[in-house]
Amino acid sequence: ATRLGLWSWSTKVLDKNMGKEEENKELRSRELLDIINDVGPTAIKIGQALSIRNDLVDPVYAATLSELQDRVPPFPNAVAMKVIE
């Protein structure tokens, strides 16, 4: 969660103040995808839902998040069982 908070701060504050929001959009969407994959199955499900909501998410981010639809990296069964419990 800390990594997500730092990422959010960097994208909204630093990029905006430096006038690099558009320039860094693809990079930031890739960073978000990596963070979502690291956080785990629940975050992946949220990312999947957001990937089809162009009315809520910038199209560049939605396109990157769409990779969660069928290219989710595998995770151990033990992790799945903890989420289910």
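**Exercise 1.** Determine which residues of helix α2 are buried, and explain how they are arranged around the helix axis.

*Solution.* Step 1: K25, R28, S29, L32, L33, I35 and I36 are the buried residues of α2. Buried means under 20% relative accessible area, exposed over 50%, and partly exposed in between, with a 1.4 Å probe and protein chains only. Helices are DSSP runs (H or I, at least four residues), numbered from the N terminus. Step 2: viewed down the axis of α2, these residues fall within an arc of 165 degrees, so they line one face of the helix. The arc is taken from the directions from the helix axis to the C-beta atoms.

The model is predicted, local features need pLDDT of at least 70, side-chain atom pairs count only at pLDDT 80 or more, and totals for chains, interfaces and linings use all residues. Residues are numbered from 1 along each chain as its sequence is written, and side-chain values use heavy atoms, without hydrogens and water.

**Exercise 2.** State which residues of α3 are buried and which helices they pack against.

*Solution.* Step 1: in α3 (residues 41-51), the residues A43, I44, G47, Q48 and S51 are buried. Step 2: they lie on the same side of α3, because they cover an arc of only 145 degrees around the axis. Step 3: the buried residues of α3 pack against α2 (25-39) and α4 (59-65), where contact means heavy atoms within 4.5 Å.

Conventions:
Helix = DSSP H or I, 4+ residues; strand = E, 2+ residues; numbered from the N terminus.
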